[in-house]
Amino acid sequence: MVKVTLNNVQLLVDIDSDPKFEPSRTSVADILTKEALEFVVLLHRTFNSRREQLLENRQTVQKKLDSGKFQLDFLAETAAVRNDPTWQGAIPAPGLIDRSTEITGPPLRNMLVNALNADVTTYMTDFEDSASPTWANCIYGQVNLYDAIRNQVDFKTPRKEYKLKAPIAKLPTLIVRPRGWHMVDKHLLVDGEPISASLFDFGLYFFHNAKALVAMGKGPYFYLPKMEHHLEAKLWNDVFNVAQDYIGMARGTIRATVLIETLPAAFQMEEIIYQLRAHSSGLNCGRWDYIFSTIKRLRNLPQYVLPNRDLVTMTSPFMDAYVKRLINTCHRRGVHAMGGMAAQIPIKNDPAANEAAMTKVRNDKIRELTNGHDGSWVAHPALAVICNEVFSNMGTANQIHFVPETTVTAQDLTNTKIQNAEVTTFGIKQNLDIGLQYMEAWLRGSGCVPINSLMEDAATAEVSRCQLYQWVKHKVVLADTGEPVTPQLTKKILEEQVAALSASSPVGDKNKFKVAAKYFLPEITGEKFSEFLTTLLYDEIVTVKSAPTDLAKL
């Protein structure tokens with residue numbers, strides 16, 4: 001157990017080493033030191049009330065949208081920011097000049113080694129959508145990053161040896177994505193309330209590693225997820241300033257890339273960069289979460305119903321507009337405009353299918369390069385060669401100098417009209433299959449799940465859930481049967497899918513498909529709508545191994 005003295009703080013888990021995780025010379029006690037906990041508690045006490053108010057503000061916007069009398073638009077009160085051509089974001093930081101190929105994945109020890117050894121320029125290690133936030137995943141993710149930054153992450157299993165191919169200073173630049181503002185971690189209570197998961201993830205990583213990262217010639221860099229308003233970016237900026245001041249680090253050393261993966265944020269791209277100015281390293285097109293957010297925020301308005309998920313592509317009007325506005329905005333302000341995820345993974349034993357998948361990846365990356373992106377994401381090391389090949393055509397480390405002309409209106413950003421749009425029984429089954437498979441794996445502690453030759457994260461299940469709610473809510477007529485989508489229909493197909501998936505589960509009767517279905521059912525029959533599946537499911541993975549421990553008494 002860790003022994004610290006902190007008033008009114010409780011740690012609700014044992015923190016001895018977990019035999020399921022790879023061995024390390026670093027213990028959990030080395031991460032949860034008295035000094036580190038004092039730092040994250042300071043951040044929580046300073047900023048949590050603002051975080052909670054900003055989350056309430058999201059629901060105020062939702063209620064306005066639901067009324068049908070309010071439309072999202074560019075903010076009148078920040079017009080001066082958008083119209084002022086003189087301000088710029090920060091110049092690219094060391095290790096972030098060339099971001100042509102970024103790989104992503106959770107901070108599991110084996111994945112960390114594989115990603116750092118990949119032929120990429122940067123690696124976004126993820127505590128958010130591709131990580132199930134079990135206590136072990138969160139705390140051992142911190143252990144693994146601590147070790148990697150100190151070149152002590154190598155380990156062996158009976159099957160394989162995992163070893164960094166070079167000192168980490170010469171490997172891809174680390175960028176950490178903490179959990180979003182909407183999440184808490186119930187394993188650490190501060191003043192009787194769960195700590196902000198964002199501040200917990202950020203705080204531990206920054207406190208232990210910021211100076212070591214600067215010493216190696218890089219810095220503490222972050223991806224910021226799920227924001228819906230520029231004041232949420234300002235909150236992060238204030239956190240950064242306090243954190244840097246606390247350890248005696250120059251302001252502006254931290255850099256953060258914001259994922260524009262919510263519909264409201266698409267109307268405030270410029271303001272978000274402005275709020276982070278000295279800390280900004282650009283914006284990223286978080287495509288699947290953006291589709292999820294678009295459905296979520298417009299879900300109660302029938303004119304915005306989207307068709308089968310396979311028909312919603314990056315060339316759909318609202319997606320194309322969002323991409324073009326993001327690139328233009330970033331480059332006018334001197335920061336990176338990052339492309340989206342290629343989620344495909346190699347298809348073994350089927351060369352034709354694999355070639356078709358890789359061709360799809362290549363065409364997607366060519367589209368991103370041509371539009372003006374400075375780099376893009378891949379989910380698997382094997383895709384790096386394609387992304388590298390495509391983005392080598394920039395001829396420079398980035399193309400921030402290229403400002404494509406574009407005019408994107410508020411109406412363009414919500415133009416969800418798609419040619420040949422249809423909803424079919426297959427679309428229902430596809431959403432249920434993907435949603436159930438992801439949720440079941442997440443409940444067992446895995447947030448990065450291969451499904452149908454794609455590496456899926458939480459955004460996948462969110463799209464599934466939102467589409468089904470939307471189709472039931474508006475009684476969408478199926479193109480193949482002529483029948484409306486009803487709660488009875490989605491419930492029937494859900495039960496069939498649960499039976500089939502349970503019967504074929506590789507973990508046998510230890511699978512959690514029935515648990516997943518219990519939470520999924522009210523969401524896909526229109527009975528309720530939760531803000532996030534991850535917060536809906538979170539209590540199922542909270543583990544309290546011992547009675548609450550008052551750290552002030554240790």
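Contact here means heavy atoms within 4.5 Å. With that in hand, let's walk through this predicted model.

**Confidence**

The protein chain has a mean pLDDT of 94, and 95% of its residues reach 70 or more. Where pLDDT is low, the predicted coordinates should not be read in detail.

The chain is divided into domain 1, covering 9–412, and domain 2, covering 422–539. UniProt, in an unreviewed entry, puts the feature "domain: Malate synthase C-terminal" at residues 423–541. That span is 58% helix and 5% strand, and its end C-alpha atoms lie 34 Å apart.

How far apart are the C-alpha centres of domain 1 and domain 2? They lie 26 Å apart. At the interface, 43 residues of domain 1 are in contact with 41 residues of domain 2. The area buried between the two domains is about 3500 Å², and carbon and sulfur atoms give 59% of that. Over on the domain 1 side, R299, N308 and R309 lose the most area to domain 2, together making up 20% of what that side buries.

Which elements of domain 1 each supply at least two residues to the side that touches domain 2? They are α2 (34–66), β7 (184–190) and α10 (287–297). The largest share of that side comes from α10, with 7 residues.

**Salt bridges**

Side chains of opposite charge can pair when their charged atoms come close. A search of the whole structure turns up 39 salt bridges, and the count between domain 1 and domain 2 is 3.

| Salt bridge | Closest N and O atoms |
|---|---|
| D539 with K186 | 2.6 Å |
| K226 with E128 | 3.1 Å |

Why does the K226 and E128 pair tie together parts that are 98 residues apart in sequence? It comes down to where the partners sit: K226 lies in the loop between β9 (221–224) and α7 (230–247), while E128 lies in the loop between β3 (122–126) and α5 (135–149), so the pair links those parts.

Terms used. Residues numbered from 1 in each chain as written. Predicted model: local features only at pLDDT ≥ 70, side-chain atom pairs only at ≥ 80, totals over all residues. Heavy atoms only, no water. UniProt positions renumbered as here; feature names shortened; annotations may be inferred. Helix = DSSP H or I, 4+ residues; strand = E, 2+ residues; numbered from the N terminus. pLDDT = per-residue confidence, 0-100. Domains from an automatic or database assignment. Buried area = accessible area lost by both parts, 1.4 Å probe. Salt bridge = Lys/Arg side-chain N within 4 Å of Asp/Glu carboxyl O.
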